[in-house]
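User: I have a chain to look at. Please take me through it in short steps.
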Amino acid sequence: MSNRTSKEQEAKITIKKVGRLVTMTVTGQTYQPKTREQALAAAKAYGESLTPEEDAALTKAALEDPDTALITSLTKRRPGRPVADAPKQPVSIRLSPDVLDYYRSTGPGWQGRIDETLRDAAGLKKRA
């Protein structure tokens, strides 16, 4: 007979598959509310404690689940505009109020139009 209490018992993992439904039951574990760091450390320790067979069974079940989203599919592309090869540099310049009013009155994209005007004045090629 074991002298362990129920909190000290080894975790037992049971995986049952019926059709497309996979059920995983972990027994012998007690849940304690944790901070994010504690939860990550506990999850890492749990993952390291799995036998190769248990790990293979969990991985197989996760890959067969149509609702599983792989991390790589979620992190392939960042949202927003793609990063430019030569991004524009933020600067601070002082402009006359009437010049600023003129460009702002032309609507959205007024800073880009100032850039185009300066490129023309400097004799530079237009950006693609």
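User: Is Tyr103 buried or exposed?
Analyst: This is a predicted model; local features need pLDDT of at least 70, side-chain atom pairs count only at pLDDT 80 or more, and totals for chains, interfaces and linings use all residues. Residues are numbered from 1 along each chain as its sequence is written, and side-chain values use heavy atoms, with hydrogens and water left out. Buried means under 20% relative accessible area, exposed over 50%, and partly exposed lies in between (1.4 Å probe, protein chains only). Tyr103 has a relative accessible area of 13%, so Tyr103 is buried.

User: Which kind of aromatic pair do Tyr102 and Tyr103 form?
Analyst: Rings of Phe, Tyr and Trp (its six-membered ring) pair if their centres lie within 6.5 Å; planes under 30 degrees apart are stacked, over 60 edge-to-face, and the rest tilted. The structure holds one aromatic pair. Tyr102 and Tyr103 lie 5.1 Å centre to centre, with 80° between the planes, so the pair is edge-to-face.

User: Which residues of α5 does α4 meet?
Analyst: Helices (H or I, at least four residues) and strands (E, at least two) are DSSP runs, numbered from the N terminus. Contact means heavy atoms within 4.5 Å. On the α4 side are Leu100, Tyr103 and Arg104. They meet Trp110, Arg113, Ile114 and Thr117.

User: At what angle do α4 and α5 pack?
Analyst: Axes are lines fitted to C-alpha atoms, for helices over the stretch in contact, and angles run from 0 to 180 degrees between N-to-C directions. Helix α4 covers residues 97-105 and helix α5 residues 110-122. Their axes are 8 Å apart, and the angle is about 120°.

User: Which element has the lowest mean pLDDT?
Analyst: pLDDT is the predictor's confidence in each residue, from 0 to 100. The chain averages 77, and 67% of the residues score at least 70. Helix α4 has the highest mean, 95. The lowest, 58, belongs to helix α3 (residues 71-75).

User: What pattern does the chain follow along the sequence?
Analyst: The chain has five helices and two strands. Read along the sequence, the pattern is β-β-α-α-α-α-α.
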